[in-house]
Amino acid sequence: MTARRRFRSVIRIGPVQVGTYYDGRGREKHTAVCTAPRCGFSADYDSRAAAELTARTHRCPVR
């Protein structure tokens, strides 16, 4: 069963989107997802700063 996440505070840094959501246990989580075709990068973090840093330094392997 897939989790239905409701993102808030979504920003875009280059091709990467950073959003905040609450996980199944009520903890605040932050995710960074690359929207470039065929990239497939996504990661979850406990802090917003870590997710934004990842978004700023991400380089897509497919070019």
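This is a predicted model: local features need pLDDT of at least 70, side-chain atom pairs count only at pLDDT 80 or more; totals for chains, interfaces and linings use all residues.
Start with R48. This residue lies in helix α1, which covers residues 48-57. Is R48 buried or exposed? Its relative accessibility is 19%. Buried means under 20%, so R48 counts as buried.

Which residues does R48 touch? Neighbours within four places in sequence are left aside here. R48 is then in contact with R8, S9, I11, V18, G19, T20 and H30.

**The strands**

T20 leads us to strand β2. T20 in β2 is the bridge partner of R8. Strand β2 spans residues 16-22. Of its 7 residues, 5 are buried, so the strand is largely enclosed by the rest of the structure.

Strand β2 pairs with β1, residues 8-13, and with β3, residues 28-34. Both pairings are antiparallel. On the β3 side, Q17 stands opposite V33.

Each pairing also forms a hairpin. The table sets out the two turns.

| Hairpin | Bridges | Residues between strands | Turn residue with positive phi |
|---|---|---|---|
| β1 and β2 | 4 bridges | 2 residues | G14, about 65° |
| β2 and β3 | 7 bridges | 5 residues | G26, about 85° |

**Putting it together**

R48 belongs to helix α1. Its contacts include R8 and T20. Those two residues are bridge partners, with T20 in β2.

Notes. Residues are numbered from 1 along each chain as its sequence is written. Side-chain values use heavy atoms; hydrogens and water are left out. Buried means under 20% relative accessible area, exposed over 50%, partly exposed in between (1.4 Å probe, protein chains only). Contact means heavy atoms within 4.5 Å. Two strands pair if DSSP finds at least two bridges between them.
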